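Reader: I would like to go through this structure and ask what lies behind the terms used for it. Where do we begin?

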Amino acid sequence: MIRAGLGAALFALVLAVPAAALDLALPSTARMTAERNISPDRYAAPVGVFADGQVARVTVDGDVRRAAWRLDTPGLTALQVMRPLRRQLTEAGYEIALDCAAKECGGFDFRFAIEVLPGPNMYVNLRSYHVVTALRRDAGGVPSQVVNLLASTAATSAYVQIIQASSAEASEADLTEITPEPTAAAPISPDTGDLAALLKRDGRLVLERLEFETGTSDLGAGPFDKLEQLAELLRAEPGLRVALVGHTDAVGGLEPNIALSRRRAEAVRQRLIGAHGVAAGRIEAQGAGYLAPRASNLTKAGREENRRVEVVLLSAE
């Protein structure tokens, strides 16, 4: 169960959930944006950071409850949102199995390897999110309850996703199972198909065939078909917000590559603003450098594939 309320100025919001669910307190500014409760269902909770192309998980079959909340409070950090929730978990006797922030979790790759309720109900800032997974074990030491918290912040609000799974029949195999989630699939290169449909289905895609001068952030004159399709989508749906994420190959140092990838993403952002009339506030530009390759950097073809700009769907507010 989840209730909103902290101190005399806060209030309680009670949800009809089983007694096994944990009663978490959220601030009075919290407003539920989504709820999905299924029993029986399966939830694969992350218990490790993104490493070797995947995320370690504990899988629980049973009653699974998913909810997202928006806190209309400006200036919060993800840690400020997470800290009181994490304290409630430890006070309730839960074992903290994972506690990481955006970069240490695995950043871009981790976020797309975990289950997240779709936007606009849940917004995840790739630079500012925090994840905690907590477990409660049965008498045999097998995880029987799991709570996963995801907190993220924007300029004027914060978002919290809470997923609780309870099962009296969790098996020993659940603790060691490491499996890729469907949402962890590699980004689809939209050589064919509808860009809007692909972006809404997968949450991200590569803007293929953008041209930059070698070692620079100068975007070619174009025209670039996929960029124009993205601009058309943003004009048609003015509530969409996206992030452009630049990526490089592994030639050179990390910091220069992050800076270069960010400048390339910003060049694409400026093209959308200047040439296509998309409002600046609807587009973010970020850089991942060589931290999220989609091919080997040991070959020329792989390095070319790794040099790219991806578009990430943030929300549809």
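Author: We begin with helix H7, residues 254-276, which has 23 residues and spans 32 Å from its first C-alpha to its last. Keep in mind that this is a predicted model.

Reader: What makes 32 Å close to the expected length of H7?

Author: The expected span is 1.5 Å times one less than the number of residues. For the 23 residues of H7 the expected value is 33 Å, and the model gives 32 Å, which is close to it.

Reader: Which residues of H7 are buried?

Author: Among them are Asn257, Ile258, Leu260, Ser261, Arg264 and Ala265. Further along H7, Val268, Arg269, Leu272 and His276 are also buried. An α-helix has 3.6 residues a turn, so residues three or four places apart point the same way. Just after H7 comes Gly277, with a positive phi of about 70 degrees.

Reader: Why is Arg308 called buried?

Author: A residue counts as buried when its relative accessible area is under 20%. Arg308 has 8%, and therefore it is buried. This residue is found in strand E12.

Reader: What lies around Arg308?

Author: Leaving out residues up to four places away in sequence, Arg308 touches Val206, Val245, Gly246, His247, Ala292, Pro293 and Arg294.

Reader: Which backbone oxygen lies 2.6 Å from a polar atom of the side chain of Arg308, and what makes this a polar contact?

Author: The backbone oxygen of Ala292 does. The cut-off for such a pair of N or O atoms is 3.5 Å, and 2.6 Å is within it. The backbone oxygen of Asn306, at 3.0 Å from a polar atom of the Arg308 side chain, is also within the cut-off.

Reader: Why is Asp52 called exposed?

Author: Exposed means over 50% relative accessible area. Asp52 has 77%, so it counts as exposed. It is placed in the loop between E3 and E4, and its phi is near 55 degrees, a positive value in a residue other than glycine.

Reader: And what makes Arg209 exposed?

Author: Its relative accessible area is 61%, so Arg209 is exposed by the cut-off of 50%. Arg209 sits in the loop between E9 and H6, with a positive phi near 65 degrees.

Reader: How do you know that strand E8 is largely enclosed?

Author: Nine of the nine residues of E8, residues 158-166, are buried, so the strand is largely enclosed by the rest of the structure. In a regular strand the side chains alternate between the two faces of the sheet. From E8, Ala158, Val160, Ile162, Gln164 and Ser166 point one way, while Tyr159, Gln161, Ile163 and Ala165 point the other way, and all are buried.

Reader: What makes E4 and E7 partners of E8?

Author: Two strands pair if there are at least two bridges between them. E4 and E8 run antiparallel and are joined by nine bridges. Strand E7, residues 143-153, also pairs with E8 in the antiparallel sense over nine bridges. The bridge partner of Arg70 in E8 is Tyr159, and that of Val147 is Gln164. A hairpin of four residues links E7 to E8.

Reader: Why are E3 and E5 said to stand at the edges?

Author: The six strands form an open sheet in the order E3-E4-E8-E7-E6-E5, with antiparallel pairing. E3 and E5 each have a single partner strand, so one side of each is left without a neighbour in the sheet. Helix H1, residues 78-91, lies across E5, E6, E7 and E8 and runs at about 160 degrees to E7.

Reader: Which residues have the most contacts inside the largest nonpolar core?

Author: They are Phe108, Phe110, Met122, Tyr129, Val131, Leu150 and Val312, in a core of 28 residues. Another core lies apart from it, with 27 residues, among them Leu195, Leu234, Val242 and Val278. In soluble globular proteins, nonpolar side chains tend to be buried together.

Reader: Where is there a cis peptide bond, with omega about 0 degrees?

Author: It joins Ser39 and Pro40, and Pro40 is found in strand E3. The peptide bond from Gly222 to Pro223 is cis too, with omega near 5 degrees. Pro223 is found in the loop between strand E9 and helix H6.

Definitions and conventions. Residues numbered from 1 in each chain as written. Predicted model: local features only at pLDDT ≥ 70, side-chain atom pairs only at ≥ 80, totals over all residues. Heavy atoms only, no water. Helix = DSSP H or I, 4+ residues; strand = E, 2+ residues; numbered from the N terminus. Buried < 20%, exposed > 50% of the residue type's maximum accessible area, 1.4 Å probe, protein only. Core = buried A, V, L, I, M, F, W, Y, C linked by side-chain atoms within 4.5 Å. Polar contact = N/O pair within 3.5 Å; in protein donor to acceptor, adjacent residues only side chain to side chain. Contact = heavy atoms within 4.5 Å. Axes fitted to C-alpha atoms, helices over the stretch in contact; angles between N-to-C directions.
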